[in-house]
Amino acid sequence: MAANDLIEYVTVRIGGQSFGVAVSDIREVFSPVAITPVPRAPVDIAGLLNLRGRIVSMVDARTRLGLPARSDDEPAMALGLEEGADLYGVLVDAVGEVLRLDPAAAEAAPGHLDPEWRTLVQGVHRLDGQLLAILDIRALIGRRSALAA
Amino acid sequence: MDELIGEFLAETAESLDVIDSELVKFEANPSDRATLDNIFRLLHTIKGTCGFLALTRLEAVAHAGETLLGRFRDGSLVADSTAVTLVLQSLDRIKMILAGIETDGAEPQGDDSDLIAQLEALAEGRAVAPPIEIAPEPEPEPEPVPVNAAEPAPEDEGDGGFDADLGRPLRPGEVSLADLEAAFMSTPGPQEEDEAVELDAEPEAAAGDAHDDAPVPVKAAASSADTAQPAAANGARSSAAIRVNVDVLEGLMTTVSELVLARNQMQQLVHNTEDSVLKGPLQRLTSVTAELQDGVMKTRMQPVGDAWRKLPRIVRDACQDLGKKIRLIQDGEDTELDRQVLELIKDPLTHMIRNSCDHGIERPEVRAAAGKNETGTIRLSAYHEGGAIILKLTDDGAGLDAGRIREKALEKGLATPEELAGMSEAQIQRFIFAPGFSTAAAVTSLSGRGVGMDVVRTNIEQIGGAIDLSSAPGAGTTFTIKIPLTLAIISALIVDAGGARFAAPQLSVRELVRVGPDAPVKIETINGAHLIRLRDRLLPVASLANSLNPNAPAAETPEGFVVVLEAPGRRIGLIVDDVIDTVEIVVKPLSAQLRQTGVFSGATILGDGSVIMILDPNGLAQECAVEGETEALDNQAASAASALAASRQRLLLVRAGGTEPKAVPVSLITRLEDIDASTIEIVDGRHVVQYRDRLLPLSHAAGPGAFRTEGRQAVRVFAEDGRSAGVAVDAILDVVEESLDLELGSDRPGVIGSAIVQGKATEMLDIAWFMERAWDGAPQRSAARRTSRPAVLLVEADAFSRRMLAPLLAAAGYDVTVASGLHEARDAAQMGAHYDVLVGDPGALDRLTGEGLFADIPRLGIGEGHSGILEGFVAIMRPGDRGGLIAALDQAARAAA
């Protein structure tokens, strides 16, 4: 297996579940501070944040995945990505290691998965002792507008 | 070479725009030598550059056009509309070829011989063959240039050949050029100077440096528009102007924005420390940053005239297409504004000018019949006003037809008849801004394609601007557009509401009012609908925190500040906890889904690094209107939403004797006053108070004994016939909006009837009765009149009209019986009721008479467009004409008595 067939995934934890996010989708990982809530925004928009002079729209992955909301004192990390001219940050509980996985080894998302999840989970990797769901982070960003509309 | 062509395209596009408008000017005044010279020079430059870049097709067209212009110049041809149209067509052809070059990098394939033949034929027409066939040809041709290969008129080409000394197809041009040069030689002074500049320009272009000299002819063209400005001055400017890529400027602007942010941050830090060492350098940083910001802003500024340049051509073409005579006057084209804003208003402006030509200005014969000048005038003006640019578009056309707009609004379901009945002309006219609205009876080639003023409004509001209109039938229409100078950095008021900070654009902030228990201005009512009294007007106010988040706990007694924001046609007051600061903020756009909130126009980063939201006054105003918290229905856009609130009426709830609330329609109240009880005097057994240097008669809704003797006495003031009376109450409770089902009839004096308000049966106070009582003994109304009040039967099917009219008639001293339909009126007739006058819907009254009921009683119709059944009526009054209605009624009643 050639090394360039492998895809790099960064593992993140969201509400107790491990997810893999393609590194190529992510611009940076940062620690979110001082998020300004936006009144009337869709529920999964946690607010806006100043990242070195740029304004980032923060999306809460937990709310987006229908998981229990985060309490204020729980630590959070954010994955930053760019969508067109807009800058987005996806709030996750923790960021783990970077794994190189063969996309061919992934299995399709199970059919009985929550339909909401199935639109966001591209596949599942079996790792030692746990399952890693591959999260389509662009879909997670993109769907919000559909949700809000 | 690519870059060179790019420069050529940009420069030529500018030149062509100038030529377009200059030609129109020239057509109007063919003796204007300076304008012609200008056009000629620009076209000549284009031709020269084409030759250098080996753009043969372009060169041929430009050359033929120039030849024709040369004929105008040497006076051998008079520029008439046919000739100018032909030149304009050749410009369109040039534009088309340029567009081809822009997309493909090379001249598109095509044949221009037809156009060239026409141009040449016309150029030589006088000399040889009368080009009668050609002349009418260009006229029917519409503005966009289809590749017209239809009638190349080979015969003319032949003529041209015969006439030419040197050869057939290409020769006619050369001959003209020779003529032209001869003409150059023979022309006197100033022209030679022009020619000199032109010659200067050419070698430069040939040196591949076309971009350096390009702005010069353009600027020169713009400035020497009216007077032949010395060409030498133009030449001198060539070294002072350079062409800079827009992206470079944009990048610079972004950098400066970041610098402003960093400076703000620094200021915040220094402000919080005692370290005075930093203060000096910071001071300098601040002033340098401000200067830099100013400088960069200036590079982004462009005269608004740049966006107008296409307009004369549009008006001219519209005149030809529509057979109208229209003069376009431009005023203040030097007013500068941000390029980005300029780009964004170009299309809306073009659309509006087309609208004015198409719908605004009438046909010459119509104008003549109306006693107006056959030539209509469209005046476009621009000026600065307090950090904003005001654009005004005025035409002296027919004005907006409120009747047709009303019909259309009904037809499109934008409003209900009840809502429309309660709207002023101005409110109805604003419907043209409502989505999907278009009054064009016929779709013309110019406008009326379904996208209309709503698109214009949306475009303008998107850049933080506002549009409003005023129109008088027969006299014309004025559109006023207010747009910010720049989008990038704006001045904003930072406010605190519910623990969060927000920025309100200073441009929309009308004033700040301190409110609260200790402040001079108090918020009058609670329960979600607050009001403040602002210079004797009631201004609806809403808590910003609660508007943004309905779940937020509402403060029992709001205090702090009211920020009065202005949006077109309406004003809203937002209650905030505190006003923090005024700062220059850098506007950052919101990501797609946050834009959908509708109440924020962007976000910004403050000096302390925190992100705050920028409020959108337009969005907030619409919103509050839907909630019934702005001046009722004074809002064109929310009408679709408020259609739900059909026939709702705003009521003031008061306590007056007993604990049950009593209600009065807000529309009948002129003011709410809070009078010191000790100033209430009793004169001749009546309560009066000195109010604005006059005696205001008072009566108390709970009877004369209920007046307070100390403290404050709440009083509602009503005005009728220019006289006022006050009705005192124990307390003002609330303002509510209810769809009323008023049950008339009560045996208690002072009560009209009752209705369900907020789930409770509430008595409706009879304002007329109280006013009568307050005026009791006043000389204006004789006691005799009151003892025998004339009886009026009001027949009106429309509940809203009934509610408006019944108290009005009662207030005028009539004993009103209300019939909501014919059957009720018939019942009244059968019971042998007697009335002095019948008032109401002319159709219904006509039917009653037709049935032989109340046949000999004077009838007074209220309605519009009923002139056909005037017979048998005392008069037909418009519903809005209160004074006229009462006067007519008084007359009818006297006649009946």
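Modeller: What follows goes from the sheet to the core. This is a predicted model, in which local features need pLDDT of at least 70 and side-chain atom pairs count only at pLDDT 80 or more, while totals for chains, interfaces and linings use all residues. Residues are numbered from 1 along each chain as its sequence is written, and chains are lettered from A and ligands numbered from 1 in the order in which they are written.

In chain A, an open sheet of mixed pairing is built from 5 strands in the order 3-6-7-5-4. Strand 3 (28-30) and strand 4 (45-51) are its edges, each pairing on one side only. From one strand to the next, the twist averages 35°, taken between lines fitted to C-alpha atoms, with angles from 0 to 180 degrees between N-to-C directions. Strands are DSSP runs (E, at least two residues), numbered from the N terminus, and two of them pair if DSSP finds at least two bridges between them. Strand 5 (residues 54-60) and strand 7 (residues 86-92) of chain A run parallel, joined by 5 bridges. A:Asp60 has A:Leu91 of strand 7 as its bridge partner.

A:Leu91 is also one of the residues that A:Met58 touches, as are A:Ile35, A:Ile45 and A:Gly89, not counting residues up to four places away in sequence. Contact here means C-beta atoms, placed from the backbone, within 7 Å.

A nonpolar core is a set of buried Ala, Val, Leu, Ile, Met, Phe, Trp, Tyr and Cys residues joined through C-beta atoms within 7 Å, buried meaning 20 or more other C-beta atoms within 10 Å. The largest core has 165 residues, and A:Met58, A:Val59 and A:Val90 are among those touching the most other members, as are B:Val315 and B:Leu574. Helix 16 (residues 339-360) of chain B gives the largest share of this core, 7 residues.

Conventions. Buried ≥ 20, exposed ≤ 12 C-beta atoms within 10 Å, placed from the backbone. Helix = DSSP H or I, 4+ residues; strand = E, 2+ residues; numbered from the N terminus. Contact = placed C-beta atoms within 7 Å.
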